[in-house]
Amino acid sequence: SRMTLVGVVIPVVIGAIGLSLIVLALPQLPDPIAIHWGVSGQPDGFGSVWAVIWIIPVLVFGYAAFCLPLALSREPGVTSIQRLVLATAPFLSTLITVIITGSVLIQRGLDDARDAPSIVPLLGLGLVAGLAAGALSLLRAELAVTGKRGGVAEDAYALLLAGRAPALLTALGDKADPEAL
């Protein structure tokens with residue numbers, strides 16, 4: 001179902017891609033790597049790459065496992081809270097995977113992890129990418145239930161979503177096509 005795709009499959013795929021990239025980069029990483037950056041954005045904590053690899057499976061796959069019963073629920077009608085919880089999964093998985101994977105990958109080829117660049121740009125990238133993934137997932141989840149409403153309520157809800165779509169598309173760097181909406 002769409003709920004399984006949004007709340008479970010997409011987050012697991014995002015996390016698996018991040019883990020794969022880290023594993024592929026292992027031979028190119030300094031030992032130890034930077035595992036913590038201070039408020040200045042410079043590394044101030046060092047350790048094994050394995051100290052950060054566990055974060056993706058525990059948080060990303062853990063949240064996807066939490067979402068699985070909601071996604072597979074056969075109860076009639078998915079509540080707005082269930083849709084929000086499921087749409088949060090792509091947000092969290094993207095945010096966490098971009099930051100963790102990026103913080104490891106920026107250290108490829110370094111002799112000393114103290115030379116690692118600031119992760120401040122990664123924090124911004126992770127947040128923007130996570131918000132985009134979450135917003136698109138929530139929109140998809142909402143559109144999935146639009147057809148289950150009847151009559152005037154269905155038309156009003158579709159118009160509400162269509163009215164918000166141009167602003168969302170613009171925020172994501174795309175142009176709204178009036179005919180498509």
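Which residues line the largest cavity? The lining is made by Pro-11, Leu-59, Val-60, Tyr-63, Ala-89, Leu-92, Ser-93 and Ile-96. Two elements give two or more residues to this lining: α3 (55–72) and α4 (80–105). Helix α4 supplies the largest share, with four residues. By residue class, the lining holds seven nonpolar residues, one polar residue and no charged residue. Here Ala, Val, Leu, Ile, Met, Phe, Trp, Tyr, Cys and Pro count as nonpolar, Asp, Glu, Lys and Arg as charged, and the others, Gly among them, as polar.

The model is predicted, and local features need pLDDT of at least 70, side-chain atom pairs count only at pLDDT 80 or more, and totals for chains, interfaces and linings use all residues. Residues are numbered from 1 along each chain as its sequence is written, and side-chain values use heavy atoms, with hydrogens and water left out.

The structure holds one cavity of 30 Å³ or more. The space in the largest cavity is about 30 Å³. A cavity is a set of points, on a 1 Å grid over the protein atoms alone, where a 1.4 Å probe fits but cannot get out; lining residues have an atom within 4 Å of a point. Grid points are joined across faces, edges and corners, and a volume is the space filled by probe spheres set on the points. Rolling a probe the size of a water molecule over the atoms shows where empty space is left.

The overall fold comes next. The protein chain has six helices and two strands. Along the sequence, their pattern is α-β-β-α-α-α-α-α. Helices (H or I, at least four residues) and strands (E, at least two) are DSSP runs, numbered from the N terminus. The protein chain has 181 residues, and 38% of them count as buried. Buried means under 20% relative accessible area, exposed means over 50%, and partly exposed lies in between (1.4 Å probe, protein chains only).

Helix α1 covers residues 2–25, and Ile-17 is found there. Ile-17 counts as partly exposed because its relative accessibility is 47%. Ile-17 also belongs to a nonpolar surface patch of about 510 Å², made together with Leu-5, Val-9, Val-13, Leu-21 and Leu-24. Patches are made of residues with over 30% relative accessible area and no salt bridge; like charges are joined within 9 Å, and nonpolar side chains (Val, Leu, Ile, Met, Phe, Trp, Tyr) within 5 Å. Accessible areas come from the Shrake-Rupley method with a 1.4 Å probe, and for residues only the protein chains shown count as cover.

Ala-16 sits in helix α1 and is partly exposed, at 32% relative accessibility. Ala-16 and Pro-57 are 41 residues apart along the chain, and their C-alpha atoms are separated by 8.4 Å. Ile-10 also has its place in helix α1. At 29% relative accessibility, Ile-10 is partly exposed. From Ile-10 to Thr-94 there are 84 residues in sequence and 9.5 Å in space, C-alpha to C-alpha. Thr-88 is found in helix α4 and is partly exposed, with a relative accessible area of 23%. Thr-88 and Pro-11 are 77 residues apart in sequence, while 9.6 Å separates them in space, C-alpha to C-alpha. Pro-11 is also one of the cavity-lining residues.

Two loops were also examined. Pro-32 lies in the loop between α1 and β1 (33–37). A cis peptide bond joins Asp-31 to Pro-32, with omega about 5°. Val-39 lies in the loop between β1 and β2 (43–47). Val-39 is exposed, because its relative accessible area is 92%.

Side chains of opposite charge can pair when their charged atoms come close. A salt bridge is a side-chain nitrogen of Lys or Arg within 4 Å of a carboxyl oxygen of Asp or Glu. The count comes to one salt bridge. Asp-112 and Arg-114 form this contact through their side chains, at 2.7 Å from N to O. Asp-112 is partly exposed, at 25% relative accessibility, whereas Arg-114 is exposed, with a relative accessible area of 58%.

Note on methods:
1 Å grid on protein atoms, 1.4 Å probe; cavity = no way out; pocket = protein on both sides within 12 Å on 5 of 7 lines; lining within 4 Å.
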